[in-house]
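Hello,

Here is the structure I promised to hand over. Please open it alongside this note; my findings follow below.

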Amino acid sequence: MKLHEYQAKDLLKQQGIPVAEGHVITSPDQAIAAARAIDPTGKGPWVLKAQIHAGGRGKAGGVKLAKSIDEVQTLASQMLGMKLITPQTGPQGKIVHKLYITGDAFYPGPAPIREFYISLTLDRAMGRDVLIASAEGGVEIEEVAATRPDAILKLHINPLMGLMPYQARQVAYKLGLSGEAFKNAVDFLVKLYKAYDSLDASLLEINPMLKTSDDKIIALDAKLEIEDNALPIRHKSLEDWRDIQEEDPLETEAREANLSYVKLDGNVGCMVNGAGLAMATMDIIKLAGGWPANFLDVGGGANVERIAKAFQILLKDPGVKVILINIFGGIVQCDRVAHGILQAYQLIGHIPAPMVVRLQGTNADVAAQILRDSGLPLIPAVELWEAAQKVQEALQRVNA
């Protein structure tokens, strides 16, 4: 689950981590009230930040500086409702529904103020969390990583020990900090890892981490993603923090139906049972020349209604030109899947996309007979490579 900047900062603050505070608003009038709450003198300046689940907001016009109350209102009116297109949103962009207003930490800008990049995530190749740091934080961090990878520091963390103080000191030293700023950075990094670990985060990014003119270390911005599987048991109170407006509607609908669905940008809708089989299916589709439109896992205990719901979700994606059903019947029986396919046709009516069906495992022979007797325009397959090739053939007919 992705969180907005203001939500991430709230959680970090609860962990004792200094953050640049602000107010979230949804209207120009609220923006004025927030600006006055931050600076009762009304002198400013203030920073208005679009709250969307994507990076690169600054370059795309999603971060603006207001130097007067009137400008706060004007900018809020312009930014609320705007479509923000960044490298992470894709060409479709995202609509801005909320703004986060803070004071400007750089104004009037007494030296020395420095920006750093800090993030924590999982290095899957190493099987360990990794702390990534750079003395060159800010909006150009992607360019730094691409052109000067030696400026990026990576430190792997022992999962049994966590981030140790001596490791935090190593990072602070390599970032060029000294004196009071050095000690504050060490404390900041240790607390940051504890927050990352206790929140079951998959990503915690501070860009920038700011050293102020009086050697304080604060999180000027924050990006936080929490592992979905940890929410129902370990962080149930945070489930209400999910911003449905920022998520793909089909992914939201699938989650509510207890289906695991991730929208991709291809043209082959995939319905499978099991994450491993889903990955293998997407790989084989690509190998045959196709492009997966989604990752849809109906799970091991799928019933007829759940399978029919999965079809409805697949067909709501206009990018889906062909559907591949690849089910291995273990816990879920193939005849149950076959009945789900029939029910989907009854509920939806005409299904315009050609459908390749591969059902193997428990009651596969019964399922095959059910589908043959149905008279539906299905394309049967036995082997996975055969199914992928038939998908590609169907795509060629659709595009002809």
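Helix 2 (residues 28-38) and helix 3 (residues 69-79) cross at roughly 140°, and their axes come within 8 Å. This crossing is right-handed. Helix 2 brings P28, D29, A31, I32, A35 and R36 to the contact, and helix 3 brings I69, V72, Q73, A76 and S77. By class, that contact has seven nonpolar, two polar and two charged residues. Please keep in mind that this is a predicted model.

Helix 5 (residues 165-174) packs with helix 6 (residues 179-198) at an angle of about 125°, and their axes are 9 Å apart. The two helices are therefore oblique to each other. Helix 5 passes helix 6 in a right-handed crossing. On the helix 5 side, the contact uses P165, A168, R169, V171, A172 and Y173. On the helix 6 side, F182, A185, V186, L189 and V190 take part. The contact of helix 5 with helix 6 has 10 nonpolar residues, one charged residue and no polar ones.

The largest pocket has a volume of about 1,600 Å³. Its lining has 38 residues, and D228, E251, R255, Y261 and V262 lie nearest the centre. Elements that give two or more residues to this lining include helix 7 (231-234), helix 8 (249-256), strand 13 (223-226) and strand 14 (260-263). Strand 6 (94-95) and strand 16 (294-297) also give two or more. The lining divides into 16 charged, 12 nonpolar and 10 polar residues.

Best wishes

Note on methods. Residues are numbered from 1 along each chain as its sequence is written. This is a predicted model: local features need pLDDT of at least 70, side-chain atom pairs count only at pLDDT 80 or more; totals for chains, interfaces and linings use all residues. Side-chain values use heavy atoms; hydrogens and water are left out. On a 1 Å grid over the protein atoms alone, a cavity is a set of points where a 1.4 Å probe fits but cannot get out, and a pocket is an open set with protein on both sides within 12 Å along at least five of seven lines; lining residues have an atom within 4 Å of a point. Grid points are joined across faces, edges and corners, and a volume is the space filled by probe spheres set on the points. Helices (H or I, at least four residues) and strands (E, at least two) are DSSP runs, numbered from the N terminus. Ala, Val, Leu, Ile, Met, Phe, Trp, Tyr, Cys and Pro count as nonpolar, Asp, Glu, Lys and Arg as charged, and the others, Gly among them, as polar. Axes are lines fitted to C-alpha atoms, for helices over the stretch in contact, and angles run from 0 to 180 degrees between N-to-C directions. Angles under 35 degrees count as roughly parallel, over 145 as roughly antiparallel, 65 to 115 as roughly perpendicular and the rest as oblique. A crossing is left-handed if the near helix is turned anticlockwise from the far one by less than a right angle, and right-handed if clockwise. Contact means heavy atoms within 4.5 Å.
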